[in-house]
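Hi there,

Here is the structure I promised to pass on to you. Please have a look at it first, and then read my notes below.

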Amino acid sequence: MEEEREMKTIRVCVGSACHVNGSYKVVQAFNRLIDEQGLKEEIELVGSFCMGHCAEGVSVEYNDVIYAVSMKNVEKIFNQIIGEN
């Protein structure tokens, strides 16, 4: 019997400041990583508005932790998130 895993929801800010900081590219990168790693059934990627960390980069929230994501660290942050139980 296959164990059913809980869906992980990753929220990416698409508010004004994060949009200017590259949220669209971060979303594209996350989608590519989800596809490459075959995680469509395990990860839900959703848009969100301001998380209050505008000056730090694109805000990405998972499990009540907010990460400042850029194209330089997007893969590192993604791997950190999917590595969590």
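Predicted model: local features only at pLDDT ≥ 70, side-chain atom pairs only at ≥ 80, totals over all residues.

**What I found**

Ala-17 counts as partly exposed, at 32% relative accessibility; partly exposed means between the limits for buried (under 20% relative accessible area) and exposed (over 50%), with a 1.4 Å probe and protein chains only. Ala-17 sits in helix 1, which covers residues 16–20.

Residues are numbered from 1 along each chain as its sequence is written, and side-chain values use heavy atoms, with hydrogens and water left out.

Now for the overall picture. The protein has three helices and four strands, and from the N terminus on the order is β-α-α-β-β-β-α. Helices (H or I, at least four residues) and strands (E, at least two) are DSSP runs, numbered from the N terminus. The radius of gyration is 13 Å, close to the 12 Å of the globule rule for 85 residues, so the protein is as compact as a globular protein of that length. That radius is taken over C-alpha atoms, and the rule is 2.2 Å times the number of residues to the power 0.38. Along the principal axes, the C-alpha atoms fill a box of roughly 45 × 25 × 20 Å. Of the 85 residues, 34% count as buried.

Next, have a look at Ser-23 in helix 2 (residues 23–36). Ser-23 is buried, with a relative accessible area of 2%. Which residues is Ser-23 in contact with, leaving aside its neighbours within four places in sequence? They are Val-12, Cys-13, Val-14, Cys-18 and Val-58, where contact means heavy atoms within 4.5 Å.

Two of those names bring us to the cysteines. The structure holds zero disulfides, a disulfide being a pair of cysteine sulfur atoms within 2.5 Å. For Cys-13, the nearest cysteine sulfur is that of Cys-18, 3.5 Å away. Is Cys-13 buried or exposed? Cys-13 counts as buried because its relative accessibility is 2%, whereas Cys-50 counts as exposed at 53%.

Enjoy exploring!
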